[in-house]
Amino acid sequence: MRISVVISLPEVTPNLQEHLESIAAQTRPPDELFVCNETGEIFQRFSTKVAFRVRFNPSEEEAIRACEGDVIICSEQDNIWFPEKLAQIVETFSAFPNSGAVLANAELMDENLKPLGCSLWESIGFGPTEQKALKDKKKLAGLLRQDAIATLASRKEYALALLD
């Protein structure tokens, strides 16, 4: 299973380097990383230090369409990933071959990366009832538009359907 990661960068944040390092430190690294809206020096340097392909595209939607992975993960630039994140996503998709997407929660941190003591889902009231409701693609697309999910991993065909 090939994995593509897409990072959209409306602006560079203070923790961007830590985010990139957390992607590079994955126990199961991605096969490619798309960076949208930015082709700065930090990414040029990063691309020389990793074994996976780093690509640039001005548009997040175009990047998603151009991804070569079977699974696409859209990530916000201020996320710091646990080292097993991608391995766990692959394991979940393998265990549930008919699933179109895997949602990931996040531990909230302040600007100094100190944990705030709650998860993203807790902070927005995204509990078991709301999670079960996501079997409907339209409800998922609405949730994504609200930036309520730290990361979404989806099979490519599912990601493309969400764009349409």
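The accessible surface of the protein chain amounts to about 9000 Å², and carbon and sulfur atoms contribute 51% of this area. The model is a predicted one. Of the 164 residues in the protein chain, 41% are classed as buried. The secondary structure consists of eight helices and eight strands. Among contacts with a separation of 6 or more in the protein chain, 66% join residues 24 or more positions apart.

The largest nonpolar core contains 23 residues, of which Val5, Leu33 and Ile73 touch the most other members. Two or more residues of this core are supplied by each of β1 (3–8), α1 (16–24), β2 (32–36), α2 (41–49), β4 (71–76) and α4 (85–95). Helix α4 provides the largest share, with four residues. Nonpolar side chains in soluble globular proteins tend to be buried together.

Beyond its neighbours within four places in sequence, Leu33 is in contact with Val5, Ile7, Leu20, Ile23, Phe46, Phe52, Arg53, Val54 and Arg55.

The number of disulfides was zero, with a pair of cysteine sulfur atoms required to lie within 2.5 Å. Cys36 takes part in no disulfide, and the nearest cysteine sulfur, belonging to Cys74, is 8.1 Å away. Cys36 has a relative accessible area of 0% and is therefore buried. Cys118, in turn, counts as partly exposed because its relative accessibility is 27%, a value that lies between the limits of 20% and 50%.

Definitions and conventions. Residues are numbered from 1 along each chain as its sequence is written. This is a predicted model: local features need pLDDT of at least 70, side-chain atom pairs count only at pLDDT 80 or more; totals for chains, interfaces and linings use all residues. Side-chain values use heavy atoms; hydrogens and water are left out. A nonpolar core is a set of buried Ala, Val, Leu, Ile, Met, Phe, Trp, Tyr and Cys residues joined through side-chain atoms within 4.5 Å. Buried means under 20% relative accessible area, exposed over 50%, partly exposed in between (1.4 Å probe, protein chains only). Contact means heavy atoms within 4.5 Å. Accessible areas come from the Shrake-Rupley method with a 1.4 Å probe; for residues, only the protein chains shown count as cover.
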